[in-house]
Amino acid sequence: MKIEATFVTSATSAGDLPREPLAEIALVGRSNVGKSSLINSLVRQRIARTSSSPGKTRLANVYRLTRGNAAPLHLVDLPGFGYAEGQQRAKALAEPAFDEIARAVFARSPAALLLVDARHPGLENDRAAWEWVSSAAADAAVVATKIDKLARGERIRAMRQLESVFDAPVLPVSAVTGEGMEELWNLIDSLVNRRNRNSRPSRNSQRPPKPTARSPEQPPTEPTRQQPLRRKK
Ligand code: GDP
């Protein structure tokens, strides 16, 4: 199936985010989790820069993706969290303190994917991030990266552990072997379509989808469970 991917913008604040009212999927994960590699593997081109200095960029990179005849969507690559800049910061992030740009993106009620490293199930800041993401996003799922690094037995154990920690289905993927890419496209489709049914912008509207969750000025301090997690079918 033909995939088109173009870079739209790098955003540092709400005002930089695209005005074109497309469905959005936000990608969240610790620095070095393999987010850039995954984006490149998903779109089959080197559109995202893989990090040589993790944690440096506090930008959201927005890409416009079209697969086959499906409606185009915006993929929003959020800055990695949890990079060890000292204990204090790591502690703050475990709560987790997302960047201003992450709050601005989540105020638009996107669908979201939390990326976690398959080799490290249940890290404290991944769990905290899931609490935040799963309550702030219109719909969310967990993706386990670098699955190629695990042998069969380890993989089975890790997947069981991940599903139990996050209490949600977890999709195993590898940017190296391409495993899970088709499933990831299908997962993205199902997340953004469910999200669109809840808050589809009007066809004539040039404005971005109306934030239904929270405004960036009122970031969630505690996750709420008003939007229960929807399980992947
Ligand atoms: P980011 O900081 O989350 O964008 O992470 P990167 O995409 O830059 O990847 C971090 C490191 O993990 C790099 O050395 C990648 O080559 C490696 N990596 C990323 N994805 C995979 C994967 O699926 N399998 C393996 N074996 N290595 C990966």
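Trainee: How many bridges join strand S5 to S6?

Mentor: Strands of a sheet pair through backbone hydrogen bonds, either parallel or antiparallel. Here S5 (residues 111-117) and S6 run parallel and are joined by seven bridges; two strands count as paired if DSSP finds at least two bridges between them. Strands (E, at least two residues) and helices (H or I, at least four) are DSSP runs, numbered from the N terminus. Aspartate 117, for instance, has threonine 145 in S6 as its bridge partner. This is a predicted model, in which local features need pLDDT of at least 70 and side-chain atom pairs count only at pLDDT 80 or more, while totals for chains, interfaces and linings use all residues. Residues are numbered from 1 along each chain as its sequence is written, and side-chain values use heavy atoms, with hydrogens and water left out.

Trainee: Which strand is joined to S6 by three bridges?

Mentor: That is S7 (residues 170-172), which runs parallel to S6; alanine 144 stands opposite proline 172 there.

Trainee: What kind of unit do S6, helix H5 and S7 make?

Mentor: A crossover is right-handed if, with the strands pointing away from the viewer, the path from the first strand over the helix to the second runs clockwise. S6, H5 (residues 152-166) and S7 make a right-handed β-α-β unit, and S5, helix H4 (residues 124-136) and S6 make a right-handed one too.

Trainee: Why is S6 described as largely enclosed by the rest of the structure?

Mentor: Seven of the seven residues of S6 (residues 139-145) are buried, so the strand is largely enclosed; buried means under 20% relative accessible area (1.4 Å probe, protein chains only). In a regular strand the side chains alternate between the two faces of the sheet. In S6, Asp139, Ala141, Val143 and Thr145 point one way, and Ala140, Val142 and Ala144 the other.

Trainee: In what order do the strands of the sheet lie?

Mentor: Seven strands form an open sheet in the order S1-S3-S4-S2-S5-S6-S7, with mixed pairing. Its edge strands, each pairing on one side only, are S1 (3-11) and S7.

Trainee: Which residues have the most contacts inside the largest nonpolar core?

Mentor: A nonpolar core is a set of buried Ala, Val, Leu, Ile, Met, Phe, Trp, Tyr and Cys residues joined through side-chain atoms within 4.5 Å. The largest has 35 residues, and those with the most contacts inside it are Leu78, Phe106, Leu114, Trp130 and Val133. A second, separate core of 30 residues includes Ile3, Leu27, Tyr63 and Leu65.

Terms used: Buried means under 20% relative accessible area, exposed over 50%, partly exposed in between (1.4 Å probe, protein chains only).
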